[in-house]
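The sequence and the structure come first, and the description follows.

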Amino acid sequence: MQRAATIERSTEHRDGRAQRAHAAGGALLWFRSRPAAILALGFILIVFVQAGANPPWAAPDEPAQQIKAAALARGQLGARPRYGRAPLTFDEVFSRRLTRTVALPPAVVPPQQLPCFALRSAVRSSCLDEPAALGPWALDAAARIAQNSAAGRAESIDGMIAGLDAVDAPGGPRLATSTYFGAYPPFAYALPGIAGRLGTTPRGVLYLGRLANATICGALLALGTIVGAGGVRGRRLLGPLLAVTPMVVFVSGTLSASGAEIASGYCCAAGLLAVRRARPTKGAWPAVACGALGLVAARQLGPWELSLLLGSFAAATGRRRLVALWAARPRWLVPAGAGVAALGTAMIWWDVVVMPRPPDRAGTAVDYLGSSIHDLPDQLREFVGVLGWLDTRLPSGVYVAWAVAAALVFFTAMAVGTSRSRVVLVAAVLGLFVVTIAYGVFIAYPIGSRAQGRWVLPLAVVLPLLAGEVVTARASWRRWAGALTLLGGLVAAGSHVIAIVTNARRYAGPTLADWAPPLGWVPWFVVVVVGAVGIVTATLLSATARSWDDETN
């Protein structure tokens with residue numbers, strides 16, 4: 001009896017070990033079979049790090065956009081202010097046309113619409129806690145007007161923006177809460193504004209709004225990555241690795257309409273490329289629909305950018321393939337398309353009817369052309385990453401590494417692609433060049449600015465996605481495509497980590513002692529390392545795969 005009991009216990013022990021080994025093997029197999037999902041998770045983690053570890057208002061126009069979102073969540077679009085003094089400069093004329101005043105609790109309003117460190121790369125974010133750094137925002141309405149009315153040199157950008165709060169009133173000038181984003185379309189600010197209502201301080205409102213925006217952008221980036229890779233188990237990671245640059249991730253983690261615009265353009269483009277495959281990837285049409293909806297809702301250029309994407313897709317696909325795709329479309333596509341068209345029409349109406357036109361300038365399109373071409377190197381760097389208020393460049397090696405990886409993928413695509421693919425690739429490069437120049441000539445310089453890389457990123461992400469799609473479609477070049485994927489993964493993972501560290505050192509000093517984000521630096525660095533490890537892991541699983549496609553597709 002004792003011997004039988006011993007044998008029974010031994011058998012149970014072996015069975016338990018076998019079950020645990022089987023479970024561990026199943027988990028490992030599940031992990032190894034989903035590189036696209038791992039890559040998407042890595043991107044999402046780094047987006048949330050950018051949202052949480054970036055100092056308050058350390059992104060272009062974030063304070064003004066926070067005020068707009070908070071007002072929208074309270075049912076306000078704002079009122080046109082009246083001023084008792086004539087504007088002094090072109091910038092002041094146009095800024096006044098864009099400005100709207102709102103009624104918000106003072107406890108949730110940012111202390112400055114131009115933070116003390118903005119456009120000043122030597123100033124750390126610790127200045128936010130110094131009363132002396134408020135500058136013209138510490139003055140009352142009369143003092144702001146007097147400061148900007150001084151004869152001689154035109155007022156500073158700080159004084160001009162602070163002066164937008166000094167509105168005319170029957171009893172004399174008074175301070176109001178204003179935002180120079182007041183006239184911009186409101187659609188992209190609804191969810192961040194609603195989330196921000198849970199906050200009780202200006203910084204709390206901001207971080208909650210960032211969290212909402214990062215959630216939306218992260219979901220769009222994840223959907224585009226998975227679809228672009230060929231499904232959850234797909235391994236076509238080359239395009240997504242190079243399309244989701246540190247700049248894409250940075251803007252996705254801020255409270256701005258640009259984040260949703262870029263992530264939507266990426267998601268829509270990845271979906272369109274997945275639809276063109278011999279066997280369209282599962283989720284391709286939902287990615288197109290989600291991306292299109294986000295694109296037309298984000299900014300006033302969205303409907304035109306969507307038109308360019310859809311027109312390019314139709315031209316590259318050909319009539320016969322388009323007819324076949326239309327015949328096999330899901331039933332919900334037509335009503336979804338009608339919804340996108342309705343929202344796009346509303347956006348165009350807003351742009352035409354509500355958005356003010358800039359005052360006339362002496363320059364002409366010919367005058368602006370040379371300046372726009374001169375700005376191209378800056379915009380190329382911004383495609384990869386220039387953080388903060390466009391005042392925080394990454395180390396030069398990041399730009400070089402990204403350029404080398406992108407060039408290798410592009411020229412490989414030109415070498416291995418079909419004649420139609422080559423034509424489409426060349427057309428994409430030329431089209432991106434023309435659009436970038438056009439943004440400078442017809443949009444940026446007429447309003448006293450210059451074209452910024454993030455404006456063009458919703459379209460720029462198409463090029464690496466397209467080139468990666470061409471390379472990974474050639475089975476005979478799979479080994480070389482795997483090597484390029486490995487290179488792209490290492491460049492991407494390293495660049496995202498370097499971007500986080502560079503941004504941290506920019507605002508907190510070389511030793512990170514001048515400022516710290518919520519929870520301190522250590523948790524955020526741990527999360528970004530986990531995200532980078534996820535990117536590298538997904539890359540290794542893709543580079544060593546026998547097949548690029550999702551076996552369940």
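Which residues of helix 4 (residues 90–98) are buried? They are E92, F94, S95, R96 and L98. The model described here is a predicted one. Strand 1, helix 6 and strand 4 (177–179) are included in what covers these buried residues of helix 4. R96, one of the buried residues of helix 4, also takes part in a contact with a ring: its charged end sits over the ring of Y83, 4.3 Å from the ring centre. A second contact of this kind involves R329, whose charged end sits over the ring of W326, 4.0 Å from the centre.

**Helix 5**

Helix 5 covers residues 141–148, and A141, R144 and N148 are buried in it. Viewed down the axis of helix 5, the buried residues fall within an arc of 65°, so they line one face of the helix. Their packing partners are helix 6 (157–163), strand 2 (166–167) and strand 3 (174–175).

**Nonpolar cores**

The largest nonpolar core contains 101 residues, and Y439, L457 and I535 have the most contacts inside it. Helix 11 gives the most to this core, with 11 residues. Apart from this core lies another one, of 34 residues, which includes A58, L98, W137 and Y180. L98 is also among the buried residues of helix 4.

Leaving aside residues up to four places away in sequence, I535 touches L39, F43, I46, L241, G489, A492, A493 and H496. G534 is located in helix 23. With a relative accessible area of 11%, G534 is under the 20% limit and therefore counts as buried. The C-alpha atoms of G534 and L45 are separated by 9.5 Å, while the two residues are 489 residues apart along the chain.

Helix 11 spans residues 257–275 and contains S264. The relative accessible area of S264 is 0%, so this serine is buried. Residues up to four places away in sequence not counted, S264 touches L220, G291, G294 and L295.

**Aromatic pairs**

How many aromatic pairs does the count come to? The count comes to nine.

| Pair | Geometry | Centre to centre | Angle between planes |
|---|---|---|---|
| F117 and Y507 | edge-to-face | 5.1 Å | 70° |
| F410 and F411 | edge-to-face | 5.3 Å | 75° |

F117 and Y507 form an aromatic pair that is edge-to-face. F117 lies in the loop between strand 1 (100–102) and helix 5 and Y507 in helix 22 (residues 478–508), so this pair ties together parts that are 390 residues apart in sequence. Both F117 and Y507 are buried.

F411, at 56% relative accessibility, counts as exposed.

Ring pairs also link Y180, F181 and Y184 into a cluster. Y180 is among the residues of the 34-residue core as well.

**Positive phi angles**

Most residues other than glycine have a negative phi. L119 has a positive phi, near 65°, in a residue other than glycine. L119 is placed in the loop between strand 1 and helix 5, the loop that also holds F117. The relative accessible area of L119 is 52%, so this leucine is exposed.

L519 is not a glycine either, and its phi is positive at about 80°. The loop between helix 22 and helix 23 (521–543) contains L519. Because its relative accessibility is 70%, L519 counts as exposed.

Conventions: Residues numbered from 1 in each chain as written. Predicted model: local features only at pLDDT ≥ 70, side-chain atom pairs only at ≥ 80, totals over all residues. Heavy atoms only, no water. Helix = DSSP H or I, 4+ residues; strand = E, 2+ residues; numbered from the N terminus. Buried < 20%, exposed > 50% of the residue type's maximum accessible area, 1.4 Å probe, protein only. Contact = heavy atoms within 4.5 Å. Arc of directions from axis to C-beta. Core = buried A, V, L, I, M, F, W, Y, C linked by side-chain atoms within 4.5 Å. Phe/Tyr/Trp six-rings, centres within 6.5 Å; stacked < 30°, edge-to-face > 60°. Lys NZ or Arg CZ within 6 Å of the ring centre and 35° of its normal.
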